[in-house]
Amino acid sequence: MSRRPRVAAAARHWVASRLALVAGRLSRLTRRGSGSSITGRVLLLLSPGSLARLSRDRDVVLVSGTNGKSTTARLLAEAWRVQGPVTTNGDGANLAAGVASALLTSSHRRVVLEVDELALPEVIARTSPALVVLLNLARDQLDRVGEVSHHLRLWSAALRSSNVERLVVNADDPLLVAAATATPVPVSWVGAGLTWRKDAQLCQRCGGLIDFRDDGWSCAHCGLSRPPLELRLDEGTLWVEDAEHVDLDLSLPGRASRANAAMALAAARELGVEPALAAPRLARVSDVAGRFSRIRVDGRDVRLLLAKNPAGVEAVLDIVAPEPGPVVLAINAEAPDGRDPSWLWDAPFERLRRRPVVATGRRGSDLSVRLHYAGVEHLTASSVKQALHLLPTGSCDVIANYSAFSMARESLRAGVQM
Amino acid sequence: MKPSRVRIAHLYPEALGTYGDGGNVDVLAARLRWRDVAAEVVTVHVGSPVPTTCDLIVIGGGEDEPQSVAAAELAASLPAALDAGAVVLAVCAGLQLLGHTYSTTSGQTVAGAGVLDLTTVAGRRRAIGEVLADPVDLELPRLTGFANHAGETRLGPAAHPLATVVSGPANHPGGKDEGAVQGKVVGTYLHGPVLARNPGLADHLLQLATGLDLEDLPDEEVEHLRQERLGHRPGPRLRWR
């Protein structure tokens with residue numbers, strides 16, 4: 001590049017950055033949102049090259065997958081802080097704009113970013129990450145995101161034309177193994193488990209049926225199978241090369257959280273942080289952007305749980321209070337949720353049969369029909385707050401999908417002294 | 001007289017079950033049980049032929065590759081099941097699979113089962129959104145569902161449209177046809193799943209399969225959902241960052 005265009009690009013970036021920061025500040029002042037998305041949108045609109053520029057000379061790690069992005073990114077950032085401060089997009093803004101905003105507003109060398117599945121190819125191309133962590137892939141927001149095999153092709157193509165040095169991949173997900181092995185990038189394989197198998201039953205390489213066993217999986221047709229593991233999660237213990245082990249004594253509940261912690265520790269290990277050193281730091285994390293947090297509302301101890309697709313519902317039903325602990329379900333179908341609530345029929349709501357259940361959310365009617373056919377007796381309410389009042393005082397789990405979760409969190413927090 | 005047991009085949013869920021399609025099977029089975037008719041769900045896995053001993057066959061939607069996995073099996077064994085008298089519900093990719101041919105997003109043309117007089121080509125844009133449609137031949141209330149398909153389907157003379165679209169995507173851009181009916185085969189692009197939102201269509205299929213005069217069910221939850229969907233009142237817009 002000759003000197004003049006380079007100077008022009010730098011000037012353009014400088015002006016765009018200033019305007020973007022002002023836009024973000026205005027957005028916060030006028031209470032239109034956290035401002036992170038608008039900051040990034042203004043920046044990328046005025047200076048599309050800024051994402052690459054902001055990533056230059058930084059150690060960027062991307063975390064993607066259908067479920068567990070926020071938790072894993074948060075845990076990985078905690079682990080990496082052993083070495084120094086880390087920039088993250090902890091507000092969950094995980095499209096290109098959110099990523100750009102995080103990179104603009106915090107300038108540490110170490111960067112951990114959770115990235116939307118659909119945005120991953122673009123973000124890989126523009127941020128030149130050293131490490132990419134792939135957690136799992138399952139159906140989610142099919143009207144917006146599209147189908148899983150489509151994603152895998154885009155991911156593989158993006159990785160093939162990138163300078164990514166290494167992948168950290170959940171080897172228990174056959175979809176991810178097919179995608180990762182279709183690239184020349186070296187992989188650290190982690191046995192983090194996979195409870196939701198409905199999207200991984202057919203081999204992505206040949207279309208054969210995948211045979212899942214306790215000790216792994218293989219395709220009966222082409223022989224694709226679980227690669228040898230570097231790290232393996234066994235209940236609450238993470239085994240490293242089957243030689244040393246670390247106990248995961250997490251504050252975050254459930255099998256899915258342990259799987260996320262295993263992936264975070266595997267990634268941290270690639271960054272030079274030994275699992276034994278990082279694990280105690282992960283134990284201290286007790287909520288992730290409000291998920292798993294407890295709020296006291298009108299004499300009730302309410303725990304907020306996020307589940308936005310069938311795999312997520314299955315994971316969350318593992319951690320709800322034992323029967324007959326009451327559950328409020330809140331389901332929306334706004335833009336960030338996907339407009340099609342058909343996925344409710346893939347989620348195992350039958351498991352709620354023996355406890356008090358209240359259905360709410362903008363698509364509470366769809367949920368109510370689903371529960372009716374699942375044989376789950378339930379009440380319906382117009383809001384989470386109203387739903388809580390239909391239940392006895394005591395503790396209660398609220399399971400909500402993306403926008404319903406934000407709405408519930410906002411309205412419940414507004415009603416209590418923080 | 002009530003049949004002793006109604007057998008419902010759930011075809012190839014691992015390949016054709018992307019959009020809550022299993023829900024249609026649940027709905028059919030539940031509506032039989034609620035009327036004291038025993039229902040047996042037979043799950044047919046990829047690699048097995050379509051059974052000839054089922055009263056109802058439910059085929060769901062899937063992605064390109066899994067869809068192609070099911071295509072050859074369906075073409076080989078579905079006609080015999082139809083000859084044995086089975087009623088078929090085919091949704092989305094299931095509808096495409098039952099036509100003469102369909103083409104994948106990569107441009108490959110694949111032979112279907114040929115039991116519906118229709119052909120499907122890959123469209124340029126995905127048709128996505130809520131659909132309202134009025135049944136054409138069947139005396140049923142307005143249908144509601146959610147469509148999400150890239151294929152453009154055109155009917156031949158032997159297939160009748162299931163419904164005429166009032167709002168939302170149709171079988172192909174610029175058209176008004178929704179789905180297809182030919183003999184005892186009903187195909188639709190509506191999921192949601194379609195039978196959960198349209199109990200009238202569910203009961204029509206059950207009636208066709210059993211010959212029973214089915215009494216009405218108190219579908220309070222469903223009626224509430226239908227009113228909401230038919231009125232198509234999206235709530236106030238959410239502010240989103």
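This is a predicted model: local features need pLDDT of at least 70, side-chain atom pairs count only at pLDDT 80 or more; totals for chains, interfaces and linings use all residues.
Me: Which part of chain B gives the largest share of the side that touches chain A?
Reply: Several elements of chain B each supply at least two residues of that side, among them helix H1 (22-33), helix H2 (64-83) and strand E7 (118-135). Helix H6 (220-231) is also one of these elements. The largest share, six residues, comes from H6(B).

Me: Which residue of chain B forms a salt bridge with A:Arg363?
Reply: The rule finds one salt bridge across the interface of chain B and chain A. For A:Arg363 and its partner, the closest N and O atoms are 3.6 Å apart. That distance counts because the cut-off is 4 Å. The partner is B:Glu130.

Me: How much area do chain B and chain A bury between them?
Reply: Here 40 residues of chain B are in contact with 42 residues of chain A. Of the area buried, 54% is on carbon and sulfur atoms. The total is about 3,500 Å².

Me: Which backbone oxygen does the side chain of A:Arg300 reach?
Reply: A:Arg300, in strand E13 (residues 300-306) of chain A, is buried yet has no salt bridge. The nearest side chain of opposite charge, A:Asp298, is 5.2 Å away. At 2.8 Å, the side chain of A:Arg300 reaches the backbone oxygen of A:Leu388.

How values were computed
Residues are numbered from 1 along each chain as its sequence is written. Chains are lettered from A and ligands numbered from 1 in the order in which they are written. Side-chain values use heavy atoms; hydrogens and water are left out. Helices (H or I, at least four residues) and strands (E, at least two) are DSSP runs, numbered from the N terminus. Buried means under 20% relative accessible area, exposed over 50%, partly exposed in between (1.4 Å probe, protein chains only). Lys and Arg count as positive and Asp and Glu as negative; His and the chain ends are not counted. A polar contact is a pair of N or O atoms within 3.5 Å; within protein, one must be able to donate a hydrogen and the other to accept it, and residues adjacent in sequence count only if both atoms are side-chain atoms. Contact means heavy atoms within 4.5 Å. Buried area is the accessible area (1.4 Å probe) that two parts lose on being put together, summed over both.
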